[in-house]
Structures are given as C-alpha cells and as structure tokens.
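Dear colleague,

I am handing over the structure below, together with a short account of what was found in it. Please look through it before reading on.

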Amino acid sequence: MQTLHSMFGACPARQGLYDPSMEHDACGVGFVANIHGKRSNDVLEAALRCVGGLVHRGALDADAKSGDGAGVLTQLPEKLFRRELGKLGHKLFAASDLAVGMFFLPFEDEYAQAHCRKIAEDVLESHDLIPVDWREVPTNPKVLGDKAAATQPKIEQLFILRKNADELPDLDFERLLYLSRKEIESKIAAAGISDCYICSFSSRSIIYKGMFTAPQLERFYLDLQDPDYETALAIFHQRYSTNTFPTWSLAHPFRFLAHNGEINTIQGNRNWVRARESDFTDSVWGESARHLSPVIQPGASDSASADNALELLALSGRSLMHSLMMMVPAAYQSERDLDPKIKGFYQFHECLNEPWDGPAALVCSDGHVVAACLDRNGLRPARYEITHDGLIVMGSEAGLDDNEEKDVLEKGRLAPGEMLVVDTIAGKLLRNDEIKQHVASLQPYDTWANESLVRLDELPGAVSGTNLDPRDIPVETLDADALAFGCPDEEINLVLLPMLKTGAEPIGSMGDDSPLAVLSERPRLLYHYFRQLFAQVTNPAIDPI
C-alpha cells in the first residue's frame with residue numbers, strides 16, 4: 001500500500017535534509033465537542049472537516065479509492081431519528097427512551113440477513129426491550145473503491161425502545177443493551193454467520209464507519225449530509241492499518257474508543273481479561289455475567305480489544321475517566337511531587353488491571369463524556385485548540401479545523417500520561433490534574449494500598465541493597481558461569497552492567513537479530529521463550545533518545 005500523500009503529491013518538494021520519500025504516517029484521531037453541551041450540526045461538520053484534514057494519515061489501495069477505514073462516533077441524532085421513525089409509522093415520545101443498533105449484515109445472503117434480524121429481535125424481547133423497526137441506512141456506493149465495494153456489507157439500523165424509564169434508569173438501560181448485544185453476537189456466531197457485525201448498540205452514541213478514505217465518509221453516508229444530524233460531540237478517525245488487514249468492521253471508532261498507535265502488551269492484556277471472566281458473577285452483572293464472555297471478541301485488532309475492555313469497565317460502575325486511568329496509567333513511580341492519593345490510586349489498581357501500553361493516543365466517549373489521553377510513553381501527538389464560542393478540537397496534529405487565530409482562546413497539547421475531558425452534561429472542560437484528583441478521591445485508595453500491599457523490603461529478615469555480601473566466586477569461573485546461564489559478552493556489557501551501575505533499564509537498540517528461542521540451535525533461558533511481542537511498524541525511532 002502507499003499513502004495518500006505519495007499518490008497526490010501533498011508533501012513539499014525535497015529540500016535540505018528533508019526527503020518526501022522518507023515520509024511515514026500513523027492513524028489520525030481526534031474529537032470535536034461543544035464544551036457547553038449544545039447540540040448542533042456544526043459540531044458534526046467540524047469533525048468531518050477534521051477527519052478530511054487527516055487524509056494523509058491513511059493508506060490507499062492500488063485502485064486509488066479503497067482506504068484502510070474512516071469513521072465518526074457521535075451522540076444519537078435525536079432530531080434526525082425522530083423524523084425517520086415518523087416515516088416508518090412510529091412516534092418517539094421521549095428521546096431518552098430510544099436506542100439504535102448499527103448493523104453490518106451479510107450483503108447478498110438474504111437468508112443470513114433475516115436470521116440476524118430475527119436473533120436480534122428475539123434477544124431484545126427476552127430482555128423486555130422493544131425492537132421497533134429496521135431502517136436501511138441511505139448510502140452512495142458509487143464513491144467506493146473496488147475492494148471496498150467487493151466487501152461492502154448491507155448496512156441497517158435497528159430502532160429500540162425501553163418500556164418504562166422509571167423501572168429501567170438510563171445506566172441500567174445502557175447495561176441491558178450491552179448485555180443484549182453480547183448475547184446477539186454469541187447467537188449469531190453459533191449460527192455460523194461470520195459476516196454480521198454490530199458497530200454500535202446504544203441509547204447514547206452511534207457510529208458511522210467503513211473501509212474508505214476520510215473524504216468518502218460523508219459522501220458515502222447520506223445521513224452525515226443531513227442538517228438535522230445534531231450532536232454535541234464527535235470522535236473522528238482515519239485508519240492506517242499496520243497489524244491487521246483493512247476491513248469494514250475494523251475501521252475506527254469502535255463502541256467507545258478510537259486509537260492511534262499500537263497496544264504492545266496486547267497478548268498479555270487479552271489473556272488476563274480472559275482469566276478474570278470467571279470473577280464477573282461477583283460484580284454488578286450477577287447472573288447476567290454469563291452473556292459477557294468472551295469480553296474480547298475473536299479476531300479483534302489491538303484497538304478493538306482495548307475498546308472491549310474499556311467498554312466493560314465503563315459499564316460496570318466506573319466513570320469513563322476512572323476506567324481510562326485504570327487501563328492507561330501514568331508513569332507515577334518516579335514522580336516525587338505526585339499527590340499521595342493519586343499514587344495510591346495507581347498502586348491499588350495495579351492489583352486489578354494491567355496497563356494497556358502503547359505507543360497510544362486514545363480518544364473515547366460514552367455519549368455523555370468525551371476524553372483523550374496519551375499513554376505513559378507519550379510517543380503519539382495530541383494537540384488541541386479551544387475557541388471563544390466553546391468549541392474544542394483535539395487531534396493528531398494542529399490546524400485541523402482552520403480556526404482563525406482571533407477565534408482561538410487557547411492552544412495546547414497532551415504530555416505523556418495526561419488526559420483531557422469534556423463533560424457535555426455538566427458543560428465542563430476538565431484538565432489532567434482536576435480529573436485525577438477527583439477520581440483518586442472517590443475512595444481511600446491510598447489507605448487501601450498502604451494497608452494491604454506487602455513490600456519485600458519490609459519483611460522480617462529482608463536485607464537492603466547496601467548490605468548484600470558479594471559471593472566469593474573465583475574470577476576464572478565467571479565466563480563459564482555466564483555462558484551457562486545464557487549471558488554472552490553483549491548481554492553483560494550492554495544490559496547487565498548498565499543496570500548494575502545506574503539502577504535503571506539500559507537504553508539500547510530496538511533491533512534484535514537473534515533467532516527466536518523456539519527456533520534457536522543453542523540453549524536459551526526460559527524467559528527468552530516468553531518475550532513480549534512488539535509492534536514496530538509505525539513506532540517512532542527512539543534509539544537517538
């Protein structure tokens with residue numbers, strides 16, 4: 001694949017040390033929101049302009065039309081859907097009673113389509129929800145490239161109503177929709193239908209996405225051209241697939257999250273989530289937990305897997321900010337001036353959840369709150385502008401919405417481990433320190449951590465590093481011992497000695513030309529067989545650092 005900028009010559013000409021042939025890109029991601037929570041079509045239009053400004057961060061197939069994927073996540077457009085329900089012969093009394101499922105159905109198999117619809121309706125009725133009607137989403141397939149058209153799904157929306165808001169409050173409604181979706185997915189998989197995917201299934205948010213480039217997004221989905229489409233927030237994403245092939249379902253955003261980077265701890269993260277599935281019955285889900293497994297959907301990308309985990313945390317009684325701080329903790333250990341409450345929060349949650357480490361820039365929303373954060377490596381850009389009229393634009397680069405300088409109130413960027421949140425219900429912009437102070441103060445996490453964690457250096461008989469007695473080892477045996485334990489000269493000089501001298505991990509080359517342990521002809525240490533997988537495709541070079 002080649003990137004869009006190389007196809008259309010958007011890069012500057014070669015000059016000085018700059019060579020456009022060396023240009024590399026990763027996904028583009030960001031959000032637009034009205035800080036005061038005011039819904040308008042302007043927010044959607046701004047998001048579509050911004051994702052169009054990230055077109056150079058995507059990839060283009062040889063047909064010059066099929067892209068790796070682009071999409072937007074917004075609040076449910078109440079005005080638009082109220083009108084569309086009226087066309088189908090239904091009346092919406094309270095907007096909060098409506099939920100919408102966005103389905104990718106098998107394109108030409110009418111039997112499979114009908115089977116998927118029947119499964120969805122039966123599951124909803126079993127949970128005492130009302131499947132009102134199906135709507136075929138208006139699209140313009142002529143804008144698609146050959147490969148995108150060849151794999152295009154049939155795209156339909158299912159309108160869903162709750163019966164009684166007093167008996168099923170908003171959060172319980174959203175949880176029931178989540179459980180219903182998981183059950184629908186399991187039954188569709190059991191029926192052997194592999195081409196059905198549910199983009200979103202929520203009373204708060206909806207996702208329009210697909211296997212195309214950013215400019216094709218609005219041209220393909222006619223809803224996105226409708227002036228009645230109003231929202232107070234919108235997440236946008238242009239995909240550059242590095243670890244998986246482009247598909248309609250793997251385009252971003254996912255149900256909560258859009259992501260730029262790679263999750264390099266993905267195998268361990270997936271395994272730990274699977275290992276904890278047996279504990280779900282002791283949570284807010286109770287007996288309904290049987291519908292949650294598998295939490296991580298089979299065949300999911302690293303980003304989709306992170307989204308699965310974030311969705312579960314955020315619907316299990318934690319706020320979106322709390323869930324993000326659990327999954328993407330800051331590098332708190334070496335911060336001497338960090339508030340003990342925040343440090344205690346991270347120490348406590350280390351026992352519950354492993355970090356989903358990047359490089360990663362994450363943007364996510366539950367339909368009420370939109371948040372952005374960088375992981376502790378900070379190797380992805382996240383810049384923002386705030387205008388005088390309360391519009392905030394955050395993205396992978398500056399200048400996405402071409403705001404006039406006189407209209408810009410503030411500019412900034414996220415640093416490693418930092419967060420930025422817009423709460424559209426409260427009408428507030430929340431900064432990093434305020435967010436973490438608030439979340440860390442919800443419970444006495446620092447007290448729990450101090451009282452419950454056992455530290456090795458505090459155990460009876462523990463010795464400090466300064467009192468260790470060196471072993472009396474004959475020098476002539478050191479080389480033989482080192483080789484016997486898999487430590488050649490390179491390992492000693494470049495890894496062990498720097499660690500002994502500085503007490504820190506050594507900085508060396510990312511490259512490793514030694515054979516995989518399982519394929520090596522030489523004896524290898526046990527831990528060599530369990531090395532972390534590392535996605536090096538689009539990581540910035542860090543050797544010079």
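**An enclosed cavity and its lining**

The residues that line the second largest cavity are Glu174, Tyr178, Arg181, Ser200, Phe201, Ser202, Ser205, Arg255, Phe256, Glu311, Leu315 and Asp366. Please keep in mind that the model is a predicted one. The volume of the second largest cavity comes to about 110 Å³, and a search of the whole structure finds six cavities of 30 Å³ or more. At least two residues of the lining of the second largest cavity come from each of helix 6 (170-190), strand 8 (197-202) and helix 9 (302-315).

As for the protein as a whole, its secondary structure comprises 15 helices and 18 strands, and 50% of its 545 residues count as buried. When contacts between residues at least 6 apart in sequence are considered, 74% of them join residues at least 24 apart. The accessible surface of the protein amounts to about 27,300 Å², and carbon and sulfur atoms account for 53% of that surface.

On the surface there is also a nonpolar patch, formed by Leu516, Val518, Leu519, Leu526, Tyr529 and Phe530, which together have about 750 Å² of accessible area. One of these residues, Leu526, lies in the segment after helix 15 (489-502). Leu526 counts as exposed because its relative accessibility is 65%, and the cut-off for that term is over 50%.

Notes:
Residues are numbered from 1 along each chain as its sequence is written. This is a predicted model: local features need pLDDT of at least 70, side-chain atom pairs count only at pLDDT 80 or more; totals for chains, interfaces and linings use all residues. Side-chain values use heavy atoms; hydrogens and water are left out. Helices (H or I, at least four residues) and strands (E, at least two) are DSSP runs, numbered from the N terminus. Buried means under 20% relative accessible area, exposed over 50%, partly exposed in between (1.4 Å probe, protein chains only). Contact means heavy atoms within 4.5 Å. Accessible areas come from the Shrake-Rupley method with a 1.4 Å probe; for residues, only the protein chains shown count as cover. Patches are made of residues with over 30% relative accessible area and no salt bridge: like charges are joined within 9 Å, nonpolar side chains (Val, Leu, Ile, Met, Phe, Trp, Tyr) within 5 Å. A salt bridge is a side-chain nitrogen of Lys or Arg within 4 Å of a carboxyl oxygen of Asp or Glu. On a 1 Å grid over the protein atoms alone, a cavity is a set of points where a 1.4 Å probe fits but cannot get out, and a pocket is an open set with protein on both sides within 12 Å along at least five of seven lines; lining residues have an atom within 4 Å of a point. Grid points are joined across faces, edges and corners, and a volume is the space filled by probe spheres set on the points.
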